[in-house]
Each structure stands twice: as C-alpha cells, then as structure tokens.
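Okay, thanks everyone, let's get going. Have a look at the screen.

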Amino acid sequence: HVTNESLRCQWSSPEAMAPVADSNAPTVAIFYGSQTGTAEETAWELAREGRRKGYAIEPQAMDEISLQELRSISYAIFVVSTTGQGDPPLNMRRLWQEMLPATLPNTL
C-alpha cells in the first residue's frame, strides 16, 4: 500500500526520482483520464514508484494511444477520475468510445 506520505519520503532527493530501468522488467504502461489533474498526478506518482523499482514507465493520457496499440501492451494501469456529474474527462473520451462497441475483440 502506497500513501502520499511514503511517496514524499521516497522521492525527496533527485536521485530517488531518477529512472532506474531494469531491462528484464516487464513492460508496464500507465494511462490516465483526468480533467483537473488529480488522476494525472496519481499516474505520475505511480510511475515514479515504478521507476524506483526498475520499471521504465512514462504515463500518457488515454487519448494518446489507439485501441490497436493498446493490444500490444502486456500490462496496463488505468487511472481515471470523473468530472461534473460523473462524466469522463476529455482526454480519455476517444479511447473510451473505441472500447465501447459490442464487437470489441476477445483478445483485448
């Protein structure tokens, strides 16, 4: 379990924030859908924790990837917040619309 306090303590120095990629680590992608920045900030916190553990992770907005590209990713973490009356954030709507059809491939 990661708390904001533990994250602050771990990343208090520039060395602690530097990526330490392990070439044997599986590829992990983090995508966020955020209107006000809360989910994006959380995605970056997860990425920093992953880097500290040896993963090469760069968070992206959900609209920065296509459904076809998503199929090639082994592990994906989605951090999403809602806005207004539970509406999806603008930077995730395109991918979300691609994922909604009933004809979504079984391999996804």
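So, what does serine 34 touch, once residues up to four places away in sequence are not counted? The list is Ala39, Glu40, Ser81, Pro89 and Asn91, and contact here means heavy atoms within 4.5 Å.

Before I go on, the housekeeping. This is a predicted model, where local features need pLDDT of at least 70 and side-chain atom pairs count only at pLDDT 80 or more, while totals for chains, interfaces and linings use all residues. Residues are numbered from 1 along each chain as its sequence is written, and side-chain values use heavy atoms, with hydrogens and water left out.

Back to serine 34. You'll find serine 34 in the loop between strand E1, residues 28-33, and helix H3. When I say helix or strand, I mean DSSP runs numbered from the N terminus: helices are H or I with at least four residues, strands are E with at least two. Is serine 34 buried or exposed? It's buried, at a relative accessible area of 8%. The cut-offs are under 20% for buried, over 50% for exposed, and partly exposed in between, using a 1.4 Å probe and protein chains only. The serine 34 side chain also reaches the backbone nitrogen of threonine 38, at 3.4 Å.

Now compare threonine 36, which is also in the loop between E1 and H3. Threonine 36 counts as exposed, with 69% relative accessibility.

Another loop residue for you: proline 88, between E3 and helix H5, residues 93-99. With a relative accessible area of 27%, proline 88 is partly exposed. The C-alpha atoms of proline 88 and serine 34 are separated by 8.2 Å, though the residues are 54 apart along the chain. Leaving out residues up to four places away in sequence, proline 88 touches Thr83 and Arg93.

Okay, zooming out. The protein chain has five helices and three strands, and from the N terminus on the elements go α-α-β-α-β-α-β-α. Of its 108 residues, 28% count as buried. If you take the contacts with a separation of 6 or more, 77% come from residues 24 or more positions apart.

On to the sheet. The three strands form an open sheet with parallel pairing, in the order E2-E1-E3. Strands pair if DSSP finds at least two bridges between them. The edges are E2, residues 60-61, and E3, residues 75-80, each pairing on one side only. E1 and E3 run parallel and are joined by six bridges; among the partners, isoleucine 30 goes with isoleucine 77 of E3, and alanine 29 with alanine 76 of E3. On the other pairing, E1 and E2 share two bridges, also parallel, with phenylalanine 31 partnered by glutamine 60 in E2.

Why do I call E1 largely enclosed by the rest of the structure? Because six of its six residues are buried. Remember that in a regular strand the side chains alternate between the two faces of the sheet. In E1, Val28, Ile30 and Tyr32 are buried on one side, and Ala29, Phe31 and Gly33 on the other.

What's lying across E1 and E3? That's H3, running at about 165 degrees to E1. Those angles go from 0 to 180 degrees between N-to-C directions, with axes as lines fitted to C-alpha atoms, for helices over the stretch in contact. H3 covers residues 38-52, and its end C-alpha atoms are 21 Å apart, which agrees with the 21 Å that 15 residues should span; the expected span is 1.5 Å times one less than the number of residues. After H3 comes glycine 54, with a positive phi near 105 degrees.

Last stop, the cores. A nonpolar core is a set of buried Ala, Val, Leu, Ile, Met, Phe, Trp, Tyr and Cys residues joined through side-chain atoms within 4.5 Å. The largest has nine residues: Val28, Ile30, Tyr32, Ala39, Ala43, Ala47, Ile57, Ala61 and Val79. E1 and H3 each give at least two residues to this core. Apart from it there's another core of eight residues, including Phe31, Met62, Ile65 and Met92. And alanine 43, neighbours within four places in sequence aside, is in contact with Ile30, Tyr32, Pro59 and Val79.

How values were computed. Polar contact = N/O pair within 3.5 Å; in protein donor to acceptor, adjacent residues only side chain to side chain.
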